[in-house]
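I keep this notebook to record what I looked up, one entry at a time. Today I opened a new structure and went through it in pieces.

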Amino acid sequence: MRIKLINPNTTASMTELMGEAARAVAAPGTEVVLATSRSGAASIEGHYDEALSVLGTIDEILEGSVADAYVIGCFGDPGLLAAREITGAPVLGIAEAAMHAATFVATSFSIVTTLERTRVISEQLVNNYGMQNHCRRVRATNVPVLELEKPGSSARAIILDECEEALRDDRAEAIVLGCAGMADLAKYLEERLHVPVIDGVAAAIKFAEAIVGMRLRTSKVGDLAYPLPKPYLGKLSGYAPAKLFPASERERTACMAIRRS
Ligand code: 2AL
């Protein structure tokens, strides 16, 4: 099967780092195709960065090689539900995947993320995914996303300290890494912390394999049906659903919805 791993930020070196984590866990029959967004921010560290990243992700799903599943490789899961609307192939977000993986191996976890200003994004995801009973706390380290890749940076040590505090003060039993750029840290941290440390990139790849293996596709009868055809104006006119989604697909969706009612 082919899984396309999309980095919604425009930093290609981060895509490579994520790709290594993905390929390390992928099954022998899985091809992981990497894509770096061609538009948007170099790193995603706020609501504006997130909102503007979504078009780049949509471009990567609609253009280029077709995949059996897509993974959005940013911990805010930006545009996850929009992405699910535009394809029948499963689309997974790394935050959702990481939190679910954590619940299989621990009853509680804390999320260790990057800048303080991204804390609310993670807290909102915890609520959206119904993880309030599992997530003890979201911890920000104030490490900027791109700092994670800098040789000689103190990011690793800061993150390790924060994880130790999470285990001690939050009574967390597992750590969820709150950034795709931390994908290479899971093993390093696990060896020192002796608890499960979950990288969402690896988790999403394995869940994608499982979902494709079960032949599950995204439901098209309700909330995640293809977008309704209507005019889009201005800079976004090229994204008008009628231009992008074959009528045959939308008809199929409509038929399924009628059968259901
Ligand atoms: C992220 C991430 O995973 N990639 C990115 O650019 N920003 N998330 C985060 N919390 O900083």
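This is a predicted model: local features need pLDDT of at least 70, side-chain atom pairs count only at pLDDT 80 or more; totals for chains, interfaces and linings use all residues.

Entry one, a strand pair. I looked up Ser110 and found that its bridge partner in E6 is Arg137. E5 and E6 run parallel where they pair, and I noted 5 bridges between them.

I then asked how much of strand E5 (residues 109-113) is buried. The strand is mostly covered, with 5 of its 5 residues buried.

Entry two, one residue. I picked Thr141, which sits in the loop between strand E6 (135-140) and helix H6 (155-169). Is Thr141 buried or exposed? Its relative accessible area is 11%, and the cut-off for buried is under 20%, so Thr141 counts as buried. I listed what Thr141 touches, leaving out residues up to four places away in sequence: Val112, Thr113, Thr114, Ile158, Ile159 and Glu162. I also found that the side chain of Thr141 reaches the backbone oxygen of Thr113 at 2.7 Å.

I traced an open sheet of 4 strands in the order E2-E1-E3-E4, and the pairing is parallel. Which strands are at the edges? They are strand E2 (31-36) and strand E4 (91-93), each of which pairs on one side only.

I looked at one pair in it. Strand E3 (residues 69-72) pairs with E4 in the parallel sense over 3 bridges. In this pair, Ile72 stands opposite Gly93 of E4.

Next I checked which helices pack on the sheet. Helix H2 (residues 47-62) packs there and touches strand E1 (2-7), E2 and E3. The direction of H2 makes about 160° with that of E1. Helix H4 (residues 94-105) also packs on the sheet, touching E3 and E4. The direction of H4 makes about 70° with that of E4.

I asked how many cavities of 30 Å³ or more a search of the whole structure finds. The search finds 1. I wrote down a volume of about 180 Å³ for the largest cavity. Its lining is made of 20 residues, and those nearest its centre are Ile44, Cys74, Phe75, Gly76 and Gly178.

Technical notes
Residues are numbered from 1 along each chain as its sequence is written. Side-chain values use heavy atoms; hydrogens and water are left out. Two strands pair if DSSP finds at least two bridges between them. Helices (H or I, at least four residues) and strands (E, at least two) are DSSP runs, numbered from the N terminus. Contact means heavy atoms within 4.5 Å. Axes are lines fitted to C-alpha atoms, for helices over the stretch in contact, and angles run from 0 to 180 degrees between N-to-C directions. Buried means under 20% relative accessible area, exposed over 50%, partly exposed in between (1.4 Å probe, protein chains only). A polar contact is a pair of N or O atoms within 3.5 Å; within protein, one must be able to donate a hydrogen and the other to accept it, and residues adjacent in sequence count only if both atoms are side-chain atoms. On a 1 Å grid over the protein atoms alone, a cavity is a set of points where a 1.4 Å probe fits but cannot get out, and a pocket is an open set with protein on both sides within 12 Å along at least five of seven lines; lining residues have an atom within 4 Å of a point. Grid points are joined across faces, edges and corners, and a volume is the space filled by probe spheres set on the points.
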